[in-house]
Amino acid sequence: MEWDKVAAATATATSGRVGRLRRRVRDEHRPPSPGAAVMSILRLSGIAGLLVAFIVTPAAALTTYTFTRVVDDVMTLPLELPETPNAQTSRLYAAGGELIAYFYQENRQDVPLDQIAPVMRDAILAIEDHRFYEHGALDLEGTLRAAFNNAAAGSTQGGSTITQQLVKMTLLQQASTDEQKKAATEQTLARKMRELRLAIDMEERYTKDEILAKYLNIAYFGDGAYGVFAAASHYFSVTPDQLTTAQAAMLAGLVKNPVEFDPNVYPERSLQRRNTVLSVMADQGKISASESQELQATGLDLHVTEFPNGCVSSTAAFSCDYARRYLLDEPALGSTVEERRERLERGGLTIKSNIDLNMQTAINDAVAASVTPTENAIGALALVEPGSGKVRGVAQSRPMGRDKAAGQSYINFAVPTQYGDSAGFQAGSTFKMFTLAAALNAGLPVTTSFNSPATMTLPSGTYFDCNGDGTGKWTVSNSTSSGTMNMYTGMRLSVNTYFAQLEAKVGLCKTIQMAEAMGIEVPDGSDGRPTSHVPSFTLGVTDVSALDMAAAYAVPASGGMYCKPQPIAEILDHEGDVLKTYQPECTRVFSEEVAAQINDITRGLQEPGGFGYSHGTGLNIPSAAKTGTTSSAKAVWYVGYTPELSTAAMIAGADADGIPIALRGGNAAGSSVAGPMWARAMKVIQNYLSPVDFAAPPSRQPSANPSPTPTTTPTTPPANQQTDPNVTVVTP
């Protein structure tokens with residue numbers, strides 16, 4: 001067949017439009033010598049592509065388009081394919097460099113061609129486009145062969161070149177709507193012409209090696225593996241430069257139909273397809289016939305590595321999810337949550353976290369040993385480093401997942417609502433820390449003493465909120481000891497009536513402001529939540545998370561500095577350039593002397609005679625702590641710290657949806673229930689810490705007050721005893 005005659009006839013049939021297109025493309029690609037003219041035009045001419053596309057397009061697809069209309073559409077197409085980077089997998093790492101999780105829309109990591117084994121390149125070209133380095137965007141020889149075979153057999157044999165396939169894959173990847181995805185895959189003449197025009201442009205803009213590298217990085221190899229790096233890593237647990245001939249042949253065979261030839265689902269089909277590739281490689285001289293036969297006699301020898309997406313499968317699931325939610329708030333990743341999510345799931349980021357997997361394992365084991373997933377209770381632990389705010393880990397007793405019957409949940413009960421969707425739980429007497437800190441910061445001496453009876457009523461006008469408004473009368477009772485107390489004995493014995501009077505002396509507003517300065521969000525009723533600006537604030541009526549409390553108790557541990565909790569240390573982009581390095585965000589709350597005084601008071605719980613020590617919480621290194629139990633024992637707490645780590649332990653009653661309910665038995669105490677969980681974790685973690693001591697306090701414990709009197713007040717007093725609806729009676 002003479003090409004000029006075909007072209008002239010085609011041009012006449014299309015009223016000159018195709019003729020103009022043919023002349024334009026032919027002129028742009030006119031070969032340098034007459035001898036090569038015919039084959040060059042066959043490869044590169046737009047008319048050739050139009051004719052071939054007409055031949056290979058199914059007849060049904062042509063019924064909705066006239067030839068003239070197709071040419072009109074093609075003439076309006078963009079001349080080049082927009083450059084958009086491939087979606088890349090982001091990785092979250094622990095502080096020690098261990099992998100925690102992957103985040104991706106498509107599991108992919110681009111690699112340059114020189115990091116892909118030559119045998120992989122040979123295999124993909126052998127089975128997909130063996131004349132790749134000889135033709136241009138269109139391989140007319142291969143396309144016509146496919147067309148004639150299709151006509152003879154009624155099949156749909158492919159004839160697209162590597163470049164044409166790359167264009168199709170790129171268009172599909174860039175499609176963001178269902179309509180765009182349909183347009184990228186539908187069997188129409190318009191699509192084929194569009195792909196051809198874009199392929200011609202791609203051949204002009206890139207070298208053959210660059211096109212092949214793009215192809216190998218964008219191709220889908222099945223089972224969630226995008227690109228040759230993910231495929232080699234997933235199926236054989238090797239990098240692309242380590243692929244053997246048999247492995248490369250199997251991967252090359254997947255591209256045609258990664259579902260049909262999935263080796264995990266259809267190993268026999270995959271084996272046959274691999275052997276076909278090996279035979280073709282031998283026919284083309286890429287390997288010897290004997291090597292091909294020898295390799296065809298072997299099995300697939302898969303060594304599958306899974307790349308789970310997200311946090312569910314991580315050993316640090318809720319630390320991971322906290323870090324993920326934290327990143328979605330990070331402006332360095334975008335101006336909106338959607339932009340940040342896109343960057344996280346497509347940007348190939350390297351995220352270095354502050355999570356310590358040794359400590360994470362310890363808290364995982366502690367919550368698992370203390371509370372079962374299906375109990376109507378939640379155990380949670382959080383770790384914060386004093387002086388930096390680095391979050392070393394969070395854990396909870398309910399595993400991540402959707403199966404409520406199995407106790408699973410996606411709610412992160414260890415972190416604030418913003419990052420975990422839990423409303424938090426009342427913290428009981430752990431809030432006495434804020435009253436103690438406010439009093440010492442105001443200059444009150446540790447000798448400040450009050451007669452602290454088993455029950456007392458403080459009249460209206462005793463307390464004033466931060467608006468200067470007085471509060472109603474408050475009746476409060478002890479559940480531990482009574483008598484004359486000072487700061488040491490009042491704190492160590494957790495005497496409610498002592499702290500009611502200390503709060504009145506220093507001021508309710510100053511106590512609230514101290515809590516806020518230590519990172520606690522205190523609702524004032526303006527946003528619809530019940531106000532915490534009430535006398536019983538010192539007894540922990542505010543809902544908080546374990547992470548809130550760990551960060552708050554890190555303040556005295558650090559010498560008086562509050563540092564915002566930070567789960568992330570650094571973010572790198574896909575090229576390894578730093579996007580953000582996190583620096584501690586710390587503010588001084590009180591002096592080092594006040595901090596040292598607090599530490600000397602609270603270390604008593606961790607020493608012989610202390611509530612915690614008597615329940616096995618003592619460590620081999622210096623430590624301090626405070627217990628907390630709420631009204632009706634809905635939550636029990638143990639928040640303890642060393643100079644290097646602050647750890648908050650909480651066990652709270654909650655139904656399957658996380659709604660607070662009373663703990664089983666209704667008489668649990670922080671020291672006896674939450675304390676042992678804290679101890680299980682910290683007795684392991686102490687091995688990773690230094691035995692550094694707290695700084696010496698300005699004052700030591702005063703000489704003994706008159707002997708305290710044990711109280712017989714029940715854990716939960718009669719409802720009519722409490723005139724303040726927010727009263728919480730606390731036990732240690």
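User: How much space lies in the second largest pocket?
Analyst: This is a predicted model, where local features need pLDDT of at least 70 and side-chain atom pairs pLDDT 80 or more, while totals for chains, interfaces and linings use all residues. Residues are numbered from 1 along each chain, and side-chain values use heavy atoms, without hydrogens or water. A pocket is an open set of 1 Å grid points, over the protein atoms alone, where a 1.4 Å probe fits, with protein on both sides within 12 Å along at least five of seven lines. With volume taken as the space filled by probe spheres set on the points, the second largest pocket holds about 1,100 Å³.

User: Which residues lining the second largest pocket are the closest to its centre?
Analyst: Lining residues have an atom within 4 Å of a grid point. Of the 48 in this lining, the closest to the centre are P416, T417, E521, D543 and D548.

User: Which cysteine does C466 pair with in a disulfide?
Analyst: A disulfide is a pair of cysteine sulfur atoms within 2.5 Å, and the structure holds 3. C466 has a partner sulfur at 2.2 Å. The link is right-handed, with 110° about the S-S bond. The partner is C509.

User: Is C320 buried or exposed?
Analyst: C320 forms a disulfide with C311, the sulfur atoms being 2.0 Å apart. Buried means under 20% relative accessible area, exposed over 50%, and partly exposed in between (1.4 Å probe, protein chains only). Because its relative accessibility is 1%, C320 counts as buried.
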